[in-house]
Amino acid sequence: MAKVLMKGNEAIAEAAINAGCLYYFGYPITPQTEISEYMAKRMPKVGGLCLQAESEIAAINMVLGASSGGTRAMTSSSSPGISLKSEGVSYLVGSDLPAVIVNVQRGGPGLGGIQPSQADYYQATKAYGHGDMHLIVLAPSTVQEMASLTGEAFDLADIYRTPVILLADGAIGQMMEPVDFSARTPRELPEKDWATRGHGGSRKHNIINSLYMNPEDLERTVEERYVRYRKIEAEEVKYDTFMTDDADIVCVAFGITARICHTAVTMARAKGIKAGLIRPITLWPFPNDAINTLADTAKAFLSVELSMGQMVTDVKLACGCRRPVDFYGRTGGVIPNPADVAKKLEAMASELGLRS
Amino acid sequence: MSIVFDKPHALTDNLMHYCPGCTHGIVHRLVAEAIDELGVEDRTVGIAPVGCAVFAYNYFACDMIEAAHGRAPAVATGMKRTHPELVVFTYQGDGDLAAIGTAETVHSATRGENITIIFINNCIYGMTGGQMAPTTLPGQITTTTPYGRNPKIQGNPVRVCELLSTLDGVAYAARVSVDTPANVRTAKKAILKGFKNQIDGKGFSIIEVLSTCPTNWGLSPVEALSWLRENMIPYYPLGVYKDIDSGEAEKEAK
C-alpha cells in the first residue's frame with residue numbers, strides 16, 4: 001500500500017479500523033479530538049459505530065461492555081480525561097478484558113494545558129488503576145508508529161487479555177507524516193471462548209467478573225495474572241537504539257523526546273562526545289535488560305522527558321544504580337530544543353572527564 | 001407426581017445470599033420467568049453492578065457481567081451496540097442507578113438504548129449496611145442520617161420514573177411493587193413487557209420495583225412490607241409513567 005500523509009491522531013483511528021476495531025467510544029478533549037472526528041466520519045462507511053459518550057467514565061465502560069462480548073473496541077482521551085477512565089481500566093484488568101486506550105498526553109496536573117507532555121508516565125506504567133496490576137504501555141515516536149503500534153496494541157490486548165495503553169503525546173498526535181498501513185503483520189490470536197454473548201444453549205453461562213469475596217480466590221486470580229505479566233516481560237519488550245555500541249553517555253527517551261535526543265546525540269558526536277540513545281517502545285514492560293547491558297560499557301545515562309522526571313527512576317532501577325543517571329526535562333507543554341539536550345550532554349561529559 | 005410449580009430455567013441452583021424477607025429473590029424470579037417465557041436465555045446477557053445484587057451472576061443462568069458501581073447502563077450500551085441480537089438487561093439498586101450512576105442512567109435513557117433496566121428501590125444502601133440512598137425518604141433514619149433525612153441538609157429524594165419519563169428515548173417506565181401477590185403479578189407483567197419491548201426494538205425500558213430491606217430498616221419481614229405500603233408507595237406512586245404504546249397498555253389493563 002502506498003504511503004499517505006496523515007496527522008498522528010488520524011493515523012491511530014485509521015489503524016484501529018484496519019485492525020478490525022469497528023467500535024469507538026469517546027469524549028472530546030484536546031489534543032486528541034481528531035480521533036473522535038475521524039471515527040465519526042469513517043465508522044458509518046465501514047459498518048462500524050462511533051458513539052460519543054456522556055463522559056470518559058461511560059466511554060470506558062462502553063468499551064468494557066463491547067469487550068465482554070468479545071468485540072474489539074477502543075477509547076481515547078488526553079490526560080485529564082484519562083484520569084477519569086481509571087476506574088474502568090482497573091475493572092478491565094480485574095475482569096481480564098482486552099481493550100485499547102489511547103492517551104495523547106497534555107500538560108498537567110489538573111486541567112494543566114493543551115501542549116504536549118509525557119507527565120502521565122507514572123500513571124500509565126505504575127498506577128493507572130487501583131489494585132495489583134500492570135498494563136502494556138506502548139510509546140510511538142512517529143506517525144508511522146502511531147499506526148503500527150495501534151494495530152499491535154489490539155493484538156497484544158487479545159493475546160494477553162489485558163488493556164493496552166498507547167501513550168502518545170500532543171506533538172505526535174498533531175504532526176503530519178507519511179504512513180504505510182500495510183507495514184504490520186497481524187499476529188495469531190486466541191479464541192475468545194470466555195466472552196458473554198449468549199450461551200446459545202450449548203455451554204454453561206460465562207461470567208465476566210472482578211469480585212472475589214474469598215481472599216484466597218482473589219489472590220489466586222491476581223497471581224495467575226502475574227504469571228501472564230512475567231510472560232509479557234519475557235517476550236514483548238521492544239526498544240530501539242542509536243549509536244549505543246561505543247557510547248559513553250546513553251540518552252533514554254521515548255515518544256517525541258526520542259526524536260529530539262536523536263538530533264542531540266548527532267550534535268554531541270560532532271563535538272567529540274560519544275553519545276547514544278535507547279528508545280523504549282514498550283514502557284511496560286520496560287527494557288530493563290537492554291539498559292542493564294548498556295551499563296556494562298556506558299559511563300552514564302541521561303533520561304530526557306517532557307516531565308519533571310518520571311522514567312528516570314526506571315532507568316536507575318534498570319541499571320541497578322551501577323552508573324550515574326542524570327535527568328533533563330521540560331514540563332507544562334514546553335518542548336526542549338535538541339541544542340538544549342546537547343548542551344546537557346556536554347556538561348555531563350565535562351563532569352565525567354570525557355571531553356578530549 | 002406431576003410438577004405444578006418449578007424453578008425457572010433461567011435461575012441457577014445456587015443458594016441466594018439475600019437476607020430473610022428481602023424482595024430481591026422475588027424480583028430475580030420474575031426476571032427469570034420473563035426470560036423463560038420469551039425463550040431468550042441462550043441470547044441474554046445480564047449486567048449486575050455493585051450493590052446487594054452484585055452476586056446475581058451466581059443466580060441467573062444466562063451470561064452475566066459484574067460491572068462497576070453505577071456503570072451498568074454504559075456497559076449495557078457497549079454490549080447491545082456491538083451485539084444487537086442479544087437481549088441485554090441491567091439489575092441495579094437505588095444508590096447505583098440514582099446516585100453514582102445518574103449520568104449513565106439518564107444518558108442511556110435519552111439515547112434510547114434498546115435495553116431493559118430492572119431498578120430495585122428500597123430507600124437504603126443495603127450492601128454497605130444501611131446508609132442513606134438517593135431515594136431515602138424525608139425523615140427516614142439510616143446510619144448516615146441518624147436523626148432522619150432532613151431535606152434541608154441531605155437534600156430531597158429522587159423520583160426516577162417521573163424523571164426519566166420526560167425523556168424522548170424512553171419507551172417504557174413503570175413503577176411496581178412486590179409487597180402483595182396482586183402487586184407481584186403486576187410487576188411480572190411490567191418486567192415481561194420491558195423485555196418484550198427490547199426484543200421488538202422499541203427502545204429503553206425501565207421497571208422500578210419498590211422493595212424491602214428488613215435488615216437495614218430494622219423491621220421484621222412482615223413489618224417491612226407494611227412500612228413499604230405506608231411510607232414508600234405514597235411518595236413513589238405505583239403505575240406506568242411512560243409507555244410509547246399506551247393505547248395497547250390501556251387495552252391490556254381493561
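User: Which residues does A:Ile335 touch, not counting residues up to four places away in sequence?

Analyst: This is a predicted model, in which local features need pLDDT of at least 70 and side-chain atom pairs count only at pLDDT 80 or more, while totals for chains, interfaces and linings use all residues. Residues are numbered from 1 along each chain as its sequence is written, and chains are lettered from A and ligands numbered from 1 in the order in which they are written. Two residues are in contact if their C-beta atoms, placed from the backbone, lie within 7 Å. With that exclusion, A:Ile335 touches A:Pro116, A:Ala171, A:Leu306 and A:Arg330.

User: What does A:Ile335 count as, given its C-beta neighbours inside 10 Å?

Analyst: A:Ile335 lies in the loop between strand E15 (325–329) and helix H13 (338–351) of chain A; helices (H or I, at least four residues) and strands (E, at least two) are DSSP runs, numbered from the N terminus. A residue is buried if 20 or more other C-beta atoms lie within 10 Å of its own, exposed if 12 or fewer, and partly exposed in between. A:Ile335 has 16 such neighbours, so A:Ile335 counts as partly exposed.

User: Which residues of helix H11 of chain A are buried, and where on the helix do they lie?

Analyst: In H11(A), residues 288–297, the buried residues include A:Ile291, A:Leu294 and A:Ala295. Their directions, taken from the helix axis to the C-beta atoms, fall within an arc of 110°, so the buried residues line one face of the helix.

User: What covers the buried residues of H11(A)?

Analyst: The cover comes from elements of chain A. Among them are strand E11 (249–252), strand E12 (275–280) and helix H12 (311–318).

User: How are H1(A) and H7(A) oriented to each other?

Analyst: Axes are lines fitted to C-alpha atoms, for helices over the stretch in contact, and angles run from 0 to 180 degrees between N-to-C directions. The axes of H1(A) (residues 8–18) and H7(A) (residues 143–160) come within 8 Å and cross at roughly 30°. Angles under 35 degrees count as roughly parallel, over 145 as roughly antiparallel, 65 to 115 as roughly perpendicular and the rest as oblique. H1(A) and H7(A) are therefore roughly parallel.

User: Is the crossing of H3(A) and H2(B) left-handed or right-handed?

Analyst: The axes of H3(A) (residues 56–68) and H2(B) come within 6 Å and cross at roughly 45°, and the two helices are therefore oblique to each other. A crossing is left-handed if the near helix is turned anticlockwise from the far one by less than a right angle, and right-handed if clockwise. The crossing of these two helices is right-handed.

User: How many nonpolar, polar and charged residues does the contact of H3(A) with H2(B) have?

Analyst: Ala, Val, Leu, Ile, Met, Phe, Trp, Tyr, Cys and Pro count as nonpolar, Asp, Glu, Lys and Arg as charged, and the others, Gly among them, as polar. By class, this contact has nine nonpolar, six polar and no charged residues.

User: Which element gives the largest share of the side of chain B that touches chain A?

Analyst: The contact takes 28 residues from chain B and 34 residues from chain A. On the side of chain B, two or more residues each come from strand E1 (44–49), strand E2 (63–67), helix H2 (72–82) and helix H4 (102–110). The largest share, eight residues, comes from H2(B).
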